[in-house]
Amino acid sequence: MSEDSSPFMLALTRRLGGFFGLILPRRAAALANKEVHHILRDPYTLGMSIGLPVMMLLLFGEAISFDVKDVKVSIQDEDNSTDSRLLVDTIRGSGYFVVSPSKGNPEEELSTERAKAVVVIPAGFQREVGRGEVPEAQLLVDGSDNATAGVVGGYMAGVAGVAWQHILARESPPAPNAPITFVTQFLFNKELNSRWFMIPGLLVIIIGLLAVLMTALTVAREWEFGSMEMLLCTPARPLDIILGKVAPYVGMGLLAVAMVYGAGRVIFDVPFRGSILLLLLGSLLFLFVSLSQGLLISVATRNQQVAFQMSMMSGMLPTMLLSGFIFPVESMPIGFRIFTSILPPRWFMVISRGLFLKGAGPLELAVPFLVLALMCFLFVYFAVKSFKTDLEP
Amino acid sequence: MNWRMLLAFSKKELVQTLRDRRMRSLLLLAPVIQLTLFGLALHNEVRNIRLAVYAAPSDTLAWDLGRRAAGTGWFLLKTDVDRNPFEALSSGQVDAALVAPPGGLTQAVGRGQGRIQLLVDGTNTTRAQGVVQYMDAIRMDVIQERVMNGAPFAPALRMDTRMLYNPTLESKYFMVPGVLAMLLLMVTLTLTSSSITREKELGTFETLLAAPITPGTILLGKALPYIILGLLDLPLILCVSYFIFSVPLRGPIWELYVASMAFIGCTVALGILLSTAAQNQQQAMMGSFLTLYPCQMLSGIIYPLDNMPKWLYWITYFNPLRYFAVLIRNILLKGGAPALFWPNVGALALLATVLLLVAWKRFKPTLN
């Protein structure tokens, strides 16, 4: 106890101890106190609970965007005429592409990733325009990234239309307007700002990962060190041990929620249209679910290494990939849409996005709230059940 | 370097890891199951868009837009929805709504100003963009067939488009190799990061120090078994990718093995480096988690690299997963062009060497 006996630390833990005493049964409060000591003593745990949200906010807020722009395109202009150069200039001026002249075989440009797409303007391009025919240019797209390839194809079709107008304008009046047009309006996110989409989702990801990971390790550690035997000798019942383990991490999780919320509102200008009380309630529920999921893992495995692998497999990848954070649940095959309903983050995702962007009320969010509450009960129940008080697994 | 010692030490490490039944299944079964799951579930194209049409039953053009949308397979036409389109969107009944002008679209087109409102839920930005793109294509079809009666509307410069390597633009071709690379990193890094700290925590590190074995041998002995285990995982997950998802293998298989060897060498070295820095297993695991996460995000597997700011783009050059993602997609889908293969494998080999050297320098075979 040499490092954490500074007056500040002592005062802090005493305060927290008093706080836990108010909300928890006596034995659970004592255990919670002990856990706080563990956390404060270990700079890594604290660093992680602050470092992870900051890192994720920085990356997702500043660096990652799904806009397809500055696509590398190489152009092979075999005609080299006024009209073909007009097409090249239109592609360059569109703002979507970074244009460079082709250095040879178009397929090689793509296979070596010097370009994502190659435009080949065949010789005789201008002659065809002069004869009143519709000329044709060839577009080769790297399809291995299917999403980008689709968008590039769409952009190019638009650019070709504009270029055609320019080419025609050299000789005759512009073509008539389209007989049907859309007046498009985006609801809830008028300018399709992708941060408004990412930040509420990030809240889910950060809580989910931190919570599962940390609790999964703490109980497994007690088993490995043998200190669990001592805990079991004390009059604390399994529920006390579980509550005492979970409570300090609920506090840390709420801190992360506050950080993401604050950064989202202040730095990234994400609107918050729902009730803050509902967000708090939802966060608490989700925190409890994730923490008890971690507990269940560590109770079941009793080995830090296995617990870590399990929580990565059951926590990290499904949270990232199947919660609807990036890949929409609606696009999944029907079986998986049903499967995702057993994942807690998928439900909190609905709550978080609904509250931030849509201003959803308690009635619209009733289903996700009920599901989370049910999961919370089940996880804690099974953790207590499988928390055998015997020493040998 | 004593080769027999190294071999014996590696063997001990291998036995220790494979002894645990759960560890065996995590190593061999979990990656296979995960790749199958994610390959089946993940699509980055926009599907099942719920669309409602708000128009009089006699407004044939507006309904034609909706029916054609449903016919493409991307949209689901919803009829039983709230009478107010804004209400239907905010309660989540639909993702998009077409609202015909008063008097109907058919009449408006007759007057020469066919404007119809398209309301889109903007909560998911990529999805919203997809909706607009699809609807625009459908609009052009309707114009051509219904308004111009088959005569092409305003002849335009034609782009004869060909999608190489993935002609039907299936997302599994893109996702499966990416997830495969991610899984390989995850398994090898988490295993090795706790390998030395575990010995420290359990007290067996002292026994190791007392044994007549050099630090270099300890490090190599720790690295070798995990490289072997990683290389065992590779054919397993490749089978899943090839037989279940029919993702092609167009490049030579030796390229795949050389690339994987360089990559796993990198990840194992990284894990051992983490493990020398950590005091206990918890720290080691958090360290590996904090490494794993940025590695995945800055690899170009899910999030495009080209959009990143310059400073961050430079950081990605230190990310082994970035090179491996390029390599594996290139070998599987494009046939492994040497111009792309050698620089990336070289970068991986260089990274692995540097990481292993740093780990060796940092590794202090003392008790405190």
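Biologist: What share of the 368 residues in chain B is buried?

Modeller: Buried residues come to 48% of chain B. A residue is buried if 20 or more other C-beta atoms lie within 10 Å of its own, exposed if 12 or fewer, and partly exposed in between, with C-beta atoms placed from the backbone. Keep in mind that this is a predicted model, where local features need pLDDT of at least 70, side-chain atom pairs count only at pLDDT 80 or more, and totals for chains, interfaces and linings use all residues. Residues are numbered from 1 along each chain as its sequence is written, and chains are lettered from A and ligands numbered from 1 in the order in which they are written.

Biologist: And what is the buried share of chain A?

Modeller: For chain A, buried residues make up 47% of its 393 residues.

Biologist: How many helices and strands does chain B have?

Modeller: Chain B has 15 helices and five strands. Helices (H or I, at least four residues) and strands (E, at least two) are DSSP runs, numbered from the N terminus. The radius of gyration of chain B is 28 Å, well over the 21 Å from the globule rule for 368 residues, so chain B is more spread out than a compact globule. That radius is taken over C-alpha atoms, and the rule is 2.2 Å times the number of residues to the power 0.38. Along the principal axes, the C-alpha trace of chain B spans about 95 × 45 × 40 Å.

Biologist: What about the secondary structure of chain A?

Modeller: Chain A comes to 15 helices and five strands. Its radius of gyration is 29 Å, well over the 21 Å that the globule rule gives for 393 residues, so chain A is more spread out than a compact globule.

Biologist: Let's switch to the inside. Which residues have the most contacts within the largest nonpolar core?

Modeller: They are A:Leu202, A:Ile206, A:Ile207, B:Ala181, B:Ala269 and B:Phe324, in a core of 158 residues. Helix α8 (residues 194-225) of chain A gives the most to this core, with 19 residues. By nonpolar core I mean a set of buried Ala, Val, Leu, Ile, Met, Phe, Trp, Tyr and Cys residues joined through C-beta atoms within 7 Å.

Biologist: What does A:Leu202 touch?

Modeller: Leaving out residues up to four places away in sequence, A:Leu202 touches A:Met56, A:Leu57, A:Phe60 and A:Val260. Contact here means that the C-beta atoms of two residues, placed from the backbone, lie within 7 Å.

Biologist: Now the interface. How many residues of each chain are in contact?

Modeller: 86 residues of chain A contact 90 residues of chain B. On the chain A side, α7(A) gives the most, with twelve residues. That side divides into 49 nonpolar, 22 polar and 15 charged residues. Ala, Val, Leu, Ile, Met, Phe, Trp, Tyr, Cys and Pro count as nonpolar, Asp, Glu, Lys and Arg as charged, and the others, Gly among them, as polar.

Biologist: Is strand β4 of chain A mostly covered or uncovered?

Modeller: Mostly covered: five of the seven residues in β4(A) (136-142) are buried. Strand β3 (residues 117-121) of chain A runs antiparallel to β4(A), joined by four bridges, and A:Val119 has A:Leu139 as its bridge partner. Strands pair if DSSP finds at least two bridges between them.

Biologist: Last one: what is the mean pLDDT of each chain?

Modeller: Chain A has a mean of 81, with 90% of its residues at 70 or more, and chain B has a mean of 84, with 96% at 70 or more. pLDDT is the predictor's confidence in each residue, from 0 to 100. The model scores ipTM 0.72 and pTM 0.78.
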